[in-house]
Structure formats: structure tokens, C-alpha cells
Amino acid sequence: MRLLELDLRAFGPFTGRRLDLSGGEHGLHVVFGPNEAGKSSALRALKVLLFGFPLRSPDDFLHSYDQLRVGGRLLLGDGSEVSFLRRKGSKSTVLSPEDESPLDEGFLDRCLQGMEERHFSTLFGIDHEALVAGGRELLEQHGEVGQALFAAGLGSRSLRKVLESLDGEAEGLFLPRGAKPLINQAVSEYREARRELSDASLSGREFEGLRKELERMREQADALGGEIAGLERERNRLQRLRRALPVLAERRRLVERLGELEGVVVLPPDFPDRRRKVQEELRKAREDRDRAGVELAGLQREVATLTVAAPVLAQAETIERLHQGVGQFTKGLNDRSRLLGESGELRAQASELLEETRPGLTLEEAEALRPALDRWVRIQELGNQRQALVSGLEQARRLADEAESALAAAQEARDGYPKPRDPGPLRRSVEAARRAGSLDDLRAEAAASLRTDSEQLRIDLGRLGLWSGAPEELETLPVPPGETIERFGRDLATLAERRRSLEDRRRTTLADLGEADRRLEELRRAGRVPAESDLLETRERRDHGWRLLRRHWIEGKDVEKEARRFDPHRPLPEAYERTVEEADDLADRLRREADRVQLQAQLSARRDQLAGELAGLDSEIAAVEEETSRIESAWKDLWRPCGIEPLPPREMHPAWTSRHEKLRTRAEAVRGLRRRLEGLEETARQHRTALAAALEHLGEAVPRVEGVEPVLFRSEEVVRRLEDEERQRLRLDGDVREAEARLSKARRDEDAALAALEAWSRSWAEAIRGLGLGGDALPSEVNQLVESLRRISESRRDAEKIDRRIAGLNRDLESFETAVRALAADLAPERADQPADQTAVHLHALLQDARRQADRREGLERRTKKLEQEVRDAESTRRAMEERLAQLRREAGCADDAGLEEAERRSAEVRELRRDLDRCERQLLQEGEGAALDDLEREAEGVDADALPGGIDQLGREIEERARRLGDLREELGRRDRELEHRTGGDAAARVAERAEEVLARLRDGVDRYVRLHLAGKLLRREIERYRAENQAPLLRRAGDLFATLTLGSFAGLQTDFNDRDEPVLVGVRAGGPKVRVEGMSDGARDQLYLALRLATLEKYLAHAEPLPFIVDDILINFDDARTRAALKVLADLAKKTQVILFTHHERLKEMAGAMRNGAGVFVRELG
Amino acid sequence: MFKFLHAADVHLDSPLRGLERYEGAPVSEIRGATRRALENLVDLAVAEEAAFVLLAGDLYDGDWKDYNTGLFFAAQMRRLEEAGIPVFLLSGNHDAASQISRVLRPPGNVRVFSTKRPETVVLDELEVALHGQGFASAAVSDDLAALYPPAVPHRFNVGLLHTSLDGRPGHASYAPCTVDGLRSKGYQYWALGHVHEREVVCRDPWIVFPGVLQGRHARETGPKGATLVTVQDREVAAVEHRDLDVFRWTVCAVDAGGAGDLGEVLDRVRRALEREVAAADGRTLAARIVIEGACPAHGELLASSERWVQECRAVALGFGEGAVWIEKVRLRTRSPETADLFAADDALGGLLRSLRDLEASDGELAALAEGFADLRRKLPPELFADGEALDPTDPERLRGVLDEVKDLLLARLLAAPEGA
């Protein structure tokens, strides 16, 4: 490929600038641009043209990103030309220059052979910097041949750095004898962790050991505790003895004294009290006896002096009675005189009243009117009745009048009311219509449902798809049963599955085939692989040539025509030689590249086999397809009766069929709905007719509105109205009947009242007869007369009653006086003529005196009897006490009373001693802490009281010492127990293990990286060596020539030599033969050496590949004129093989290039 | 009705593997994870008033020697004893090798099945019969279940067994048996252990692996815990898995296909992690990030893979302290461009061809592997125990990394020179 024109349409500082690069066969194009002319921009534009814009471009200062355009015209390897534009963007950046429509980028890929920019730049670009760096690199490699060649071959100027970094990084990870690198460090860290792990791990046996040790120490502590308890017991015993010794001595003394007092009678504790009490009572009995005897004698003397009046006492009862009657007697005298006055008064009053009422009538005559007074009650009763009877009659008359007028009003109201009509028939029609329900609503509802359902059904039917027709037809559509559809579905699915699996296999086979093709293609790209058939063919051709030659030379025949057919361009001998060479060459290659040949053969065979498989699979697929289409057409036939073009079975069933089934059900429902609506309408019509007829019959208007409801409402209204009228009429009739009844009752009442009044008048006249008054006298007059007569009669009766009482009083007074006089004659004759009342009082006083004397004599006699008894009692007590005293003496064993007190004293002493002994023994029991007295006694016998305190102290010390040991032991035990508890169940070891795993992970990663880096370094070195071995000879020869040219013969060529490490190194050979190491060359010479190597590599590359433009950027600035000219010549030579574009901003270079002949293919292009 | 808990493979105090410590990593969250999971198990048993707890083997790691682990286990069992919950367990392959289980005397509520012959325990009150036999040695290759007695009639029969059944990938074959063999016993429930993945093998009868109690490395991903079984009228009424783990493992695949730069790839990593964090239900997450796909950022990623790991960790820290631990970042990206470089007859093309030839050459790989013998000798054998680490003396493993080596070389050789 070569670039014929660079179109800087809008890029960097350029607008519409074109650079013509079309001259020469390929041409060396020197593009001159002084500073600021945009040389670097143009260089970038060239790369942009080939590889597209980078993400960020510095060339947008004049044109914005979307305006940037670089164009070009390329001459491709096949001789065709192509023009295109490049824009900035992520895709479709290659455009047609005419209308900027996107172009296929394939041609670019083809001519660049898939090379990316980085690779292109290193291989087909060189600038001053790279040249200098390359020279320096040569120096740093010390001319190591492999690296020099490989670096030049790669166009890389940092091969050494790559090698160093690979080695360096690898060494940072691992050194066989290092400590610091990551892997070495991690390995030792891991070992450390493993060691820690084993330290931290507690083995089961170790744990059990620790536990047993703990157990043993616990037992030890228990034993020590037992010892301490024994010692404490002993110490307690000694302490007990020390406390018991004094008590034991006291006890002994008490027992001794008790022995002395043996035989003493021990008296009960209450003995002295008893004795003192007996003696006291004896003394008191003696005193009592003496005192009572003296008093008795005095009394007997007093009784002898007393006298009593006996006759008075004998009349005591009569005297008392008369004394009580004295008051009665005095009162009787007074009453008699008062009653005589009252009797006269009453008789005078009666005479006076009679005079007022009936003058001239005596009291006795008045008495004759008394029978009339016997009827007084009746008269009074009749008088009271009169007023009520008169009022009753008046009341009855008024009521009768009122009833009469009410009756007249009711009759008038009833007669004014209209005639009745019968609502019966109409009511029955209404009820019948109501029972049928609200027909209009039902009808409207049914009609609406029918409308919406039919509408919806119609729409859904449209949606059902595949079939269209009326809903009625839907119900009869002969849809095939689900099982049949499923069977089709299964068949088709099986086929599809089979087809998929075949396709999969086909894809795999195709991929394998592609892989085989790709590898074949790779083989082919790496250079055509010779085949046996090629050799045969070539040999055939060679032999043909030989036969021709033979015929021509040996047989002398003219083979001109055949020879031209054999090779039209070469004379026969030359052509024959060429075929011989070709045949040999092929045979050699067949032998040399036997591996590749075999590989190709294998691949071809595999490819053929795969192709065969593919064909087999294709035919199987075709068969499956045929089967599928057969079933599919059967499937379609199945549906033909329905007029349906079916979808695949899986879509038909259950999806479509269930939709169809649902719709069919709904169509049925719609039909039912329609029937119901018709029924409703018929019923409504019948009801309306019946109602209208009934209304008309009643003479009511029939509404003209449509529907049953209006007529029904009107009918109901009429029925209600007729029913109201009937109720009103019944109520009026009732009113009239009631008024008539009230009137007849009022008349009866009036008659009754009149009769009652007449009966009363008759009775009244009868009652007052005999009172001397007329029959028509008013009740008030009669009352007054009767009252006066009654009062006169009463006064007379009262006066008679008082006269009877006066006679009684006279009898009582006389009898009292007689009694008093008789008594006084016996008892007090001197008082017989005095008033009776005074005499009675005197007698009573005599009686009182006689009674007082009799009472005094009786009291004295009672006192005498009591004293005699007291004397007897005192004597008996004295005897009893003396007997008891004797008893006490016997008890105490005494002869007389004086011995009693001594006996009591000795008894008390014995009792005291015994109590003390008891106390002692109780104390010993307590001190001895339960030990028996005898044991204590025995223990005390053998004890030295003075040694006791020392023994006790000794024991205390021993106990203390052991307690200390036990404390220490317990402390240790606690510590170990805690330690064990702390250690057990802990996760210290687990944590170390986790850390070890972390180190392993680091190690894993390090090894991973190390292996890659190490391998990379190793393989790169190997490749460098291989490259050297393969290319050293031709490359060094060609580079040597170039180097000689570039150094103007200062060096004659290049050779390899060996350094002190026996590595091959590059040396320059001076014309005379001396060799110069790279280190011995000047900087310029080294730059030229690098250039020579690069150019030689490039030439080698171009020998086998399509040429690409070689871009050179100002590499000659350090060259003097002569060497610049030499370099230009070398580049011009290179330009015969590929296009060379040299960018420079050196005027001098431009001139020198301009001076070279155009025939050398050198062209100068100016940018400025 | 009653409930019981079925757990297995507690592997108490077995450390979590593959977690490299780094600044900001949730170090404290992983501490004692298996212990806390066991505590969770006990809490659950108490809260659910479980009638009993079954532990179907592998309480401890076989090579773990710290007796404290056993004591911790005993303490937890005592908590169950206080709640009146009996525990039935049998030893698995690990326990048979463990020194702890040989010495430890568990509390009275723990019943350990014999290792000599199948034993049957009948719980009359619950109408339950438990059958089991533990491992006498670390490797039992007989079908232990074959000698288990037939079901006790009118009882709910449970078989405890530590087994790999008819083989489970990643698990050594122990006490092999078949589902049909187990079914033939007529039990209602088979409480199995040994397989670390939760699995209901069969529902009639119920044959259940509850899985590990707590995931311990990147191959034990997802929720872990125990199985809660409800029994009614001597039939299994419900089987629920309860998550008891405190730390969750996940492998987080990120498709970087087409991603232009690092920022975009990081965005995708963040989104993928977001989903996983949400699924972990508040637990700390250990995530292995695998970045796949062809992307232009490939070269950039490879040239600075270490920095890349840091970036992923920074993303993880964005989910809050202690939320995520980045276990590993694996780059499986491809460059979209290298294909045609093979063909070029230049130094680079030669290098690529050489590497490709090497990939096919066993002899050369073996020689390369030999070169790592020094390194291999230095490394502790535990590093290779789980097959996760790269054994450089294994030619096959080297073959596997050649692609990455190629990418590494390409990235470095074609990198723009410093200062250019």
C-alpha cells in the first residue's frame, strides 16, 4: 500500500491543505515544514488517517472535534485506488470524501494486515528520539547481538528495560537464597505461624494431664483439711479440761458435806409455813371463846327489865280501820251541803225555758210531746235530702236538651256525604302486578345486560383471532378435541427438539470445520505449505521441459511453439533450469517442513470428515423438516372444517381453545338473556291491560305513558282514595247512632228525678205530724222546736239524780259514829263523848306505843342465841388445831414444839447442798461438751494442770502452720483452675491457623505472579536467541552494507564476536580489519548502526509482506552533510521497495533532497 | 408433632482459606466463623425447641490438634443439655483421624454411635428410632448402610450416615452406597454427611445432605447451614434449610466484553458485587472476581495486574467496612486484536509462534517446569493441598498460564516507551 495524497481538510492548523505523495514508484517524499508550519500535526494526521482519531486529540484548537477531518488517497496492493475521509468518533469513522457517507473499513484492515497503531509505529516509524534511544540501547546491551537484532526487529527501544523489569519484579517475589523477597518472606512467616500453631494447640493428653494434676492437688488439700480438724479436736479437749478442773474440786467438797448430814429428815419446803399457820389459829380460837362468854351474860340481864300493853294490841285491827275512815267522814259532811244547792238551781232553769218556747205549758204537759222527739233522727235525715233532690231534677233537664241538639247536628253531617264505589277489582289487579316485581326495571336491566354482553361478545369474538363469524355459529363450531391438539403439539415438539439437537450438532460441526479451516488458513499464511501433489506437478513440468530440451538438442527438432507454451517469457533452457530449481526447492521444503505438511494433511482430512458429517446432518435436518411440514399440513386439515388457519398446537391449546370455550359459554349465556327479556315484556303487557280495564270501569283516567309502572302507580292512588272514603262514611254513621242513645238516656234520668222529689214530700208530712206544725213546715222551723223540748227534759232528769246521792251520804255518816263510840267505851272511857273523829285518832296513838315495846324484847332474844353458838364454835377449833400440831411434831420427829425450828434449819441446809451439787454437775456437763461425768473425772485424774496451757499453745501453733499450707495450696489450685478454664475452649490456635491461611493466600498469589514473570523473562530470552540464530547471518550482512554506506566507509561492515562471557556481541569492522566494539563507537556511529539494523530488518520484513509507508521524522539532524546525503541515498534505495515519507524542518535537508535527481524517486513537498 | 435439626461437616475451627490480608480487609469478620456458625446452630435448636439434633460426621478437621476446639464443642453441647435437647452424632472420615474426638468426653446429652456395628436408639416418647454407625478409620470403603437394620415398625426411622453416596464431584469416595440401597431399609429420613454442598437427594424417603455449616473457601460458595425437619404422625411434614453461616463465599463473574477503559470495567465489577452483597443478607462476603471477555482494556489490565487488584479492593471497600473481602481477582480477558500478529514475519510474530509451539510441546514444558524445582522445594506442601495454588513443577499447570504470559509479554513489549 502507498499513500498517494494526504488531505488535511480540517486538522490542527490546517484547513483544506492537500499533500501530494504520489510521485515515483514508491518514492521518498521529503515533507518540509519549518517550525510552526505544522510538521508534527501533519505527521499525526497521517497516523489518524490510517488508525483513526485517539480519544483525546490535541488538534482541535482550530476545528472542533466534530469538524475534524483528515482525508487520503491510497494505492492498494491489488492496484486499485481508494479515497476516504476520517472523522473523529467511536464508529463509522471512515467516510466517503464526496458525500461523507460511511464506508466499509475492510480495505484498511486488509492493507494494514490487522496491525494496530502501536505495532505500526514501532515497526514503520522512526524519529530522532527513537534513533538516539536505539543507539543508547545498543550501548547498554553492550552490543549483545540477539537483543540488538530483536530490538531492531521489534522496533522497540526498550527491550532491555522490559527484560530488566521482568527479572526485577520476579526477584522482588522470589530468590532461591534470599530472605527479603515476598515469597521467601511469606514462606518463613508461614513456618513461624505453624510453629506458633503447635505452641498454641492444646493436645487432648496435655489437657487431661492438667486436669488430673488439679484433681491430685484437690485431694492433697482435702487431706490437710482433715489433719487440721484432728488437731483442733485435741486442742478443744485440753481447753475443756482446763475449764472443768475448778468445778470438779467444788463438787468434791459438796459431796463430802452431804455425807456428814446423812440421816437428817428433809422436810417439804412448805413445812415451816404450815407449822406457823397452825400455831396462829390455835391462839385465835382461845381468844374468841373468852370474849363471847362475857357478852352473853350482859344480854340476859337486859331482857329481864322489859313490859308490854296486851289489850290494845288485841284490838289493833279495828283501831287501824277506824283511823283510816276519819278522812272519809269529814269529806261526807262537806259534800252533803253542796249537793242540796245544785238540785234547786236545775229545777228553776227548766221552768224558765218552757215559758219561752211554749208559754202556758207546764213541765208535765211538755212531757207529753216526747214521742214526737223519738222520730227526730228521721226528721233530720229527710230535711237534709230535700236540697239534693231539687238540684238533681234541674241537672237532668239540662242534659236532655243538649243531647237533642247534638243528634240534630250528626244527622245533618251524615246526610251530606257522597255515594260509595267498590275498589275490589282494581285492588286485585294492582296486587297481581306488584307480585310480578318491578317489571320495568327488570326489563331495562335485562335489555342493558343483553346489549353489553352481546357487544362484549362481539368484540371478544373479534379478538379470538383465526376465526370470524356470528356468535351463534360459534356454538356449533367443530373445534377438534384437546387431546388431538396435544398429540399434534407433542409430535411437533419432538420434531422441533430433534431439529434443535441436529442444529446444535450442525453448529458444533460447523465451528469445528471453521476451526480446521482457520488452522489451515494459518498454515497457509505462514507460507504456502508444499504438497506432494505440488511436487509431482512440478516434476511433471520439469520432465516435460526436459523432454522438450532433449527433443530440441539431441533430436534437433523445432520445439519453438511448444517451448513458448511451456514458458512464454523465458528461453527454454532457462525455463527448464527454473523448473529443476523449483522441483528441488519443493522437495527440500517437503522434507524440511514435514511437520507442517503432515499437519496440513491431518487438518485437511479432518476438514473433509467434518464436511461429510455436515452434509449428513443437513440431510437429516431436511428429513425432519419434511416430516414437520407433513404434520403441519395434517394439522391444518384438522382445522379446515372450522375454516380456521391454525397457529402451532401449543398456541392453539390450551390458550386458544380455552378462549374459544369461554366465548362459547358466553354466547350461550347471551341467548338465555334474550329469552328472559322477551318473557318479561309479555308479562308487563298483560298487567298493563288488566289495570287499564279496572281503572276505566271505575271511571278513572288511564295514563297514556309507556310502561306498567305509571298505570300501576295511578291505580294504587285510586284504590287508596276509595278506601279512605269508605272509612269516613262508617265513622259518620257511628256518630248519629251514639247521639240518639245519649238523648234517650237523658229523658229517662229527668223522669226519675221528678218522682223522687214527690216521694220525699210525702214522707216529710208524715214525720212532723204531732209537733203541732203544718205539713208544709220547713225543716228549719221543725229543728228549732225539737231542740228546746230536748233541753227542758234534760234539766229535769239531772235534778232527780242529785237528790238520790244526798240520801246515800246520810247513811254512811251515821254508821261511823256508832262504831267509834262502842270501842272507846272499852279502851278509853274518858274520851266517849268527844267527836267521833278525834276519838278515833287518840286510839290509834295508844296502839302505836304498845307495838314499839314488843319489837325491842324480840331483838334481845335473837342476839343471845347467836352468842351461845359462837362460844361452841371457838371451842371446837381449838381442839382441831392442837391435834394438827401434834401431827407436825410427829412428822419432824420432835418431842416438843421447841424442837421443830431446829429440824427445819437442818433440812434447809441439806437442800441447799444438793442444789449446789446439781449446779456443779450441770456446769461440768456443759464444759465437758457432752462427755460423761465419770470420763471427765477420769481424764482430770491423769492431768497435770500446770502443763495444760503449754500443750494448748503448742497445738495452736501446729494448726496455724497447717492452715497456712492449706491456704497456699488452695491459692495454687485456684490459679491452675483458672488457667485451665482460661485455656480451654479458647480460639487462640484457631486464630493462628487463620493467620497461617492468610499467609498461604499471599504466598499463592506471589507464586502465581512469580511464575508468570519468570516464564515471561525466560521465554523472551529464548526467543531473542532463536531470532538471532535464525536471522543473524543475512541481517548482519545487509546491516553491515548499510552501516558502511551510512558511515561513508568508515566501517566496512559488521561481524559477531564473543565477549568475555562467551556471548555473541556486535562489532564494527574497520576497512583495514580491526574490530570496534559498540562501546568504542562514537554516539553518531551507534545511531547509524541502529538505523542500519532497523533498515535491514525492515527490508527483511518487506521481502515477505505487502509494503507500508515508512515514516521517518527528522532522524538526520545530527548527521553532517556527507552522512546526510548518504542516509538520503539509503532511504531513496529503500523507497524502491516501499514508500518512505521523511518529515523535516531543516532547510539544508530540503536543499540536499532537492539536489538529488528526480530519477532516484526523491520528491520534496512543502507544508508552509 | 416435633422438629429436629440435621447438620453435618461442621469442621470446627477449620480456617477460611485463600484470604490474603490487605489494608481494609474485614479481618475481624472472618474470625472464628465456624464457631459462630455452630453457636447459630445451637441458638436455632433452642429457639425452634428441637426435639434432638443430629450431626452426621466431620465435626473436626482430621489434622487439627488443638483440644480447645473439642472443649468449645462440648461447651456448646452443654448449652443444648441445659435446654434439654439430646444430640446424636457419628464420626466421619475427618473425626476418625482426629485426636480430639479420641480424647474428648462430651456432656451427657451427646450420644455417639458405635464405629464397630450399626446401633439403634429408640426414643419411645417421640416414637423415633435412630440408626447409625460411625467411621472407625479415616478411609472406609465398605457400604456401611448395607448392615443397617430394617426399619423398626410404628416408629419414625432416621438413618445417620457419613457417605459420599454413589459419588459426588470433589469428595473422596467413602462408605459408598446407593439411593436404592438406602430406600430398601424403609426409613423415613436419611441424615447424611460428608458432601459439602446442600442437596436433597431424594424425597421418598428423604435423603438429605445439609452441606457444611460454614463455607471455608472459594469452592464452598453460597448459603450454608443446617436442615430443620418437622415430623408429624411419624412422617416428614416439612424440610427447610436454614442459613447459619456468618461469612459467605461467592464467585463473581464480570463480563468485560467491549469495555473501553479501566473505569468501565470497574463499574461492571461494582455492579456485579452489588448483586452479591444484596444476596449475602448482611453477611460479610468473600468474593472471587473473574473478569472475562474480549476488551480493548485487556493490555492495560495485564500490564498492571497488581494495580488492578488494588482497584477491585477499593471498589469492595465502597460497600462499607467489613462488607466484602476480595479473595482473588482472576483476569480471563482477551485482546480483540492479536490474531493477525501471528502471521507477520517479524520478531513479534516469531515470538507468538514460538509460544504457540511451546504450548504444544510436552517436552519443553517439562523442562521449563524442572526450572521451578528450587522454588517448589521452598514452598510448604500445605500450599498445594487444595489444588488452588499454581504448582510450577506441573507442566500441565504451566501450559495453562502460557496464554497469560503471552499477553504479559505483548503488553510490555508494545507499551509506549517512557517519555514518548
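I took buried to mean under 20% relative accessible area, exposed over 50%, and partly exposed in between (1.4 Å probe, protein chains only). By that rule Arg878(A) is buried, at 16%.

This is a predicted model, where local features need pLDDT of at least 70, side-chain atom pairs count only at pLDDT 80 or more, and totals for chains, interfaces and linings use all residues. Side-chain values use heavy atoms, without hydrogens and water.

**Salt bridges.** I counted a side-chain nitrogen of Lys or Arg within 4 Å of a carboxyl oxygen of Asp or Glu. The structure holds 140 of them over all chains.

**Arg878(A).** I looked up its partner and found Glu875(A), with 2.6 Å from N to O. I took helices as DSSP runs (H or I, at least four residues; strands are E, at least two), numbered from the N terminus. Glu875(A) is partly exposed, at 22%.

**Arg607(A).** I found a salt bridge to Asp517(A), the closest N and O atoms being 2.5 Å apart. This pair links distant parts of the chain: Arg607(A) sits in helix H22 (residues 594–639) and Asp517(A) in helix H18 (residues 482–525), 90 residues apart. Arg607(A) is partly exposed at 29%. Asp517(A) is partly exposed, also with 29%.

**Asp916(A).** I found Arg919(A) as a partner, at 3.8 Å between the closest N and O atoms. Both lie in helix H27 (residues 898–927) of chain A, three residues apart. Arg919(A) is partly exposed, at 41%.

**Network.** I also noted that salt bridges with shared partners join Arg286(A), Arg289(A), Asp290(A), Glu875(A), Arg878(A), Arg879(A) and Glu882(A) into one network.

Methods. Residues are numbered from 1 along each chain as its sequence is written. Chains are lettered from A and ligands numbered from 1 in the order in which they are written.
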